[in-house]
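Here are some notes for a colleague who is meeting this structure for the first time. Please read them with the model open beside you.

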Amino acid sequence: MMKTALVLNGPNLNLLGTREPQVYGSQTLADVEHLCRQACSQHGLALDFRQSNHEGVLVDWIQEAGRAQKDGTLAGVILNAGAYTHTSVALHDAIKGAGVTLIELHISNVHAREAFRHHSYISPAARAVMAGFGVQGYPLAIQALASF
Ligand code: DQA
């Protein structure tokens with residue numbers, strides 16, 4: 001049976017393409033979904049692609065992912081938590097509590113930006129961390145997830 005890659009996008013990523021294009025590029029979230037769909041079909045995965053501006057919704061989705069991974073239907077999660085990366089103990093606890101395989105992803109190189117972006121609550125709970133590959137990071141992360 002084909003496993004699913006769950007790609008979760010947090011706050012403001014719905015604005016991709018128009019939001020600070022010098023930092024995040026001009027491709028939209030729909031373009032990113034298309035890149036992910038292509039990568040999943042290349043690597044034998046199904047895609048579930050979501051975005052929310054709400055922290056608790058992301059917590060719910062990570063808990064759901066933990067159950068799906070235990071059922072054997074989910075390969076893992078790719079999470080771009082946006083600014084919640086730098087603030088959310090709740091997301092850290094959700095990832096740990098769900099026991100889910102998760103790749104933390106950032107479009108920009110957060111370490112080359114403001115100091116408040118240098119700390120991540122996600123990283124200690126993540127299997128791997130990616131930053132600075134632009135939107136091409138998404139298909140790279142799917143390739144990695146397929147190889148875990
Ligand atoms: C981001 C980096 C975060 O610092 C920022 O708050 C975002 C996007 C990225 O993809 O580069 O919203 O996660």
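1. Alanine 125 counts as buried because its relative accessibility is 15%, where buried means under 20% relative accessible area, exposed over 50% and partly exposed in between, with a 1.4 Å probe and protein chains only. Alanine 125 sits in the loop between β4 (102-106) and β5 (128-131); helices (H or I, at least four residues) and strands (E, at least two) are DSSP runs, numbered from the N terminus. Leaving aside residues up to four places away in sequence, alanine 125 touches His92, Ile95 and Lys96, contact meaning heavy atoms within 4.5 Å. Leucine 102 is 23 residues from alanine 125 in sequence and 8.0 Å from it in space, C-alpha to C-alpha.

2. This is a predicted model, in which local features need pLDDT of at least 70 and side-chain atom pairs count only at pLDDT 80 or more, while totals for chains, interfaces and linings use all residues. Residues are numbered from 1 along each chain as its sequence is written, and side-chain values use heavy atoms, with hydrogens and water left out.

3. The buried residues of α2 are Leu29, Val32, Leu35, Cys36, Ala39 and Cys40. They cover an arc of only 135° around the axis, which puts them on the same side of α2, the arc being that of the directions from the helix axis to the C-beta atoms. On the other side of α2, Ala30, Ser41 and Gln42 are exposed.

4. Which elements cover the buried residues of α2? The cover includes β1 (4-9), β2 (46-51) and α5 (137-147). In α5, the residues Gly137, Tyr138, Pro139, Ala141, Ile142 and Leu145 are buried, and what covers them includes β1, α2, β3 (74-80), β4 and β5.

5. Most residues other than glycine have a negative phi, and two residues here deserve a look on that account. Asparagine 12 has a positive phi near 75°, and glutamate 20, also not a glycine, has one of about 35°. Asparagine 12 lies in the loop between β1 and α1 (21-24), and glutamate 20 has its place in the loop between β1 and α1. Asparagine 12 counts as partly exposed at 34% relative accessibility, and glutamate 20 is partly exposed at 36%.
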